[in-house]
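My entries follow in the order in which I made them.

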Amino acid sequence: MTQRVIVYIDALNLYHGLRDIGWRHCLWLDIYQLSLNILGKNQRLEKIHYFTTEVLYDPQDKYKLKRHRTYLKALRELNKVYIHCGYYQKKERMHHECGKNHKFVEEKMTDVNIATNLLCDAHDDLFDVAIIISGDSDLVSAVEAISNRFQNKEAVVYFPPRRSSPRLASVASRCSYSDERVFQRSQLPNPFITSHNQKLWRPSTWQ
């Protein structure tokens, strides 16, 4: 029997994992091909939910926003990919050493969006296997709920590089870890040609 699979990708968790381990050459990632490459036998890919937040303009890296928008433009062309965007919230935190408040931004809604889509899709019987590409322990409750409430469904965690979570692994049906060779086989063409014949090039820093 063929199992229906939906993939849920925590984009920033994946991006920072690839960057931190030094796999910048894998950042021009074809998430559709990656999803196919991590499917098991007798499994069929139904859709991919990609959860991200558009990066903020950074005066120290003025091309960061352009890189992200270029990449998202390519992803929107891919088969079965659905992109969900969160937002950044400005916050302040007191620095313990100097006693002054420091402003920072925090990504919001990604965890909530992943958990909501995961549970709604399970309730609507849209998958037999959910593959969650994230190492964020905030997803423990949602993954545990799939295991406890839907006995005929599996919640599989695929950890990005350097983003594993023992708590998440303990509630998943099973888990696996990133293999650089899988990411190398899952790269977008360079240039990527859109449906409107526009050429999108891999950023020079992603070589």
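Entry one, cysteines. I counted disulfides, taken as pairs of cysteine sulfur atoms within 2.5 Å, and the count came to zero. C26 is buried, at 0%. C85 is partly exposed, at 44%.

Entry two, conventions. The model is predicted, so I note that local features need pLDDT of at least 70 and side-chain atom pairs count only at pLDDT 80 or more, while totals for chains, interfaces and linings use all residues. Residues are numbered from 1 along each chain as its sequence is written, and side-chain values use heavy atoms, with hydrogens and water left out.

I took a nonpolar core as a set of buried Ala, Val, Leu, Ile, Met, Phe, Trp, Tyr and Cys residues joined through side-chain atoms within 4.5 Å. The largest one has 35 residues, and I31, Y71, I131, I133 and F183 touch the most other members. Helices (H or I, at least four residues) and strands (E, at least two) are DSSP runs, numbered from the N terminus. At least two residues of this core come from each of β1 (3–10), α1 (11–21), α2 (31–38), β2 (43–52), α3 (64–75), β6 (129–133), β7 (154–159) and α7 (180–184). Helix α3 gives the largest share, four residues.

Leaving out residues up to four places away in sequence, I131 touches V5, I6, V7, Y8, I38, L39, V156 and Y158. Another core lies apart from the largest one; it has 22 residues, including I132, A155, V157 and L168.

Which residues of α2 are buried? I found I31, L34, S35 and I38. They sit on the same side of α2, because they cover an arc of only 100° around the axis, the arc being that of the directions from the helix axis to the C-beta atoms. I noted the background: an α-helix has 3.6 residues a turn, so residues three or four places apart point the same way. At the start of α2, a side-chain oxygen of D30 comes to within 3.1 Å of the backbone nitrogen of Y32.

In α5 (residues 140–149), I listed V140, A142, V143, A145 and I146 as buried. Their cover includes α4 (110–123), β6, β7 and α6 (166–171).

H84 touches H49, Y50, F51, T52 and N117, not counting residues up to four places away in sequence. The side chains of H84 and H49 make a polar contact at 2.8 Å. A polar contact is a pair of N or O atoms within 3.5 Å; within protein, one must be able to donate a hydrogen and the other to accept it, and residues adjacent in sequence count only if both atoms are side-chain atoms.

With a side-chain nitrogen of Lys or Arg within 4 Å of a carboxyl oxygen of Asp or Glu as the rule, I counted nine. One of them joins R4 and D128 (3.0 Å, N to O). R4 is in strand β1 and D128 in the loop between α4 and β6, so the pair ties together parts 124 residues apart in sequence. I found both R4 and D128 buried.

R174 and E154 form another bridge (2.3 Å, N to O). R174 lies in strand β8 (residues 174–177) and E154 in strand β7, so this pair ties together parts 20 residues apart in sequence. R174 is partly exposed at 41%, and E154 is partly exposed at 22%.

D179 and R181 also meet in a salt bridge (2.8 Å, N to O). D179 is partly exposed at 25%, whereas R181 is exposed at 55%.

Salt bridges with shared partners join R4, D125, D128 and K153 into one network. K153 is in the loop between α5 and β7 and is buried, at 6%. Its side chain reaches the backbone oxygen of F127 at 2.7 Å. Leaving out residues up to four places away in sequence, K153 touches R4, A122, D125, F127, D128, I146 and S173.

Technical notes
Buried < 20%, exposed > 50% of the residue type's maximum accessible area, 1.4 Å probe, protein only. Contact = heavy atoms within 4.5 Å.
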